[in-house]
Amino acid sequence: MMSAGAVGDFTKSLVSDPPSHLWPCATHVCLLWVAKGIEQNFGKEITEWVKALPKDRVIVHDTAVLGRPNVSQMTVDTARTMGAEVVIVTSNPAGSRDVVNACKAVGIAAFGPIWDS
């Protein structure tokens, strides 16, 4: 499953004419989701979908309830614990940069948006 906001041309095309798949192989995915007011801001449907995922592969940190963590360190720790091959970051420019740099500093491949447009 993929959740995409129709912001730019690429994501608008994904929403208006969704492909049957974006990649052909199955993979093990871990989710570290740090956000404020998760159910209030993302809705009950997405929140329930995430709650149904395997508990050992998902970490949800609601900053409205649990406070603001060191997301860079939390990502590195989670990637190590989960045995992640790569980290994909979706955050604001500063958050993406900080997490990607923290991962790369310890030898974990990490990618985030370029923020060049």
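Biologist: Leaving aside neighbours within four places in sequence, which residues is threonine 75 in contact with?
Modeller: This is a predicted model: local features need pLDDT of at least 70, side-chain atom pairs pLDDT 80 or more, while totals for chains, interfaces and linings use all residues. Numbering runs from 1 along each chain as its sequence is written, and side-chain values use heavy atoms, without hydrogens or water. Contact means heavy atoms within 4.5 Å. With those near-sequence neighbours set aside, threonine 75 touches Leu32, Val87, Val99 and Cys103.

Biologist: Where is threonine 75 placed?
Modeller: Helices are DSSP runs (H or I, at least four residues; strands are E, at least two), numbered from the N terminus. Threonine 75 sits in residues 71-82, helix α5.

Biologist: Is threonine 75 buried or exposed?
Modeller: Buried means under 20% relative accessible area, exposed over 50%, partly exposed in between (1.4 Å probe, protein chains only). Threonine 75 has 9% relative accessibility, so this residue counts as buried.

Biologist: What geometry does the aromatic pair of tryptophan 33 and phenylalanine 42 have?
Modeller: The structure holds 1 aromatic pair (ring centres within 6.5 Å, six-membered ring for Trp; planes under 30 degrees apart are stacked, over 60 edge-to-face, the rest tilted). Tryptophan 33 and phenylalanine 42 lie 5.0 Å centre to centre, with 70° between the planes: edge-to-face.

Biologist: Why does tryptophan 33 count as buried, and why does phenylalanine 42 count as partly exposed?
Modeller: Tryptophan 33 counts as buried because its relative accessibility is 14%. Phenylalanine 42 counts as partly exposed because its value is 40%.

Biologist: What is the relative accessible area of valine 86?
Modeller: Valine 86 belongs to strand β3, residues 86-88. This valine is partly exposed, at 37%.
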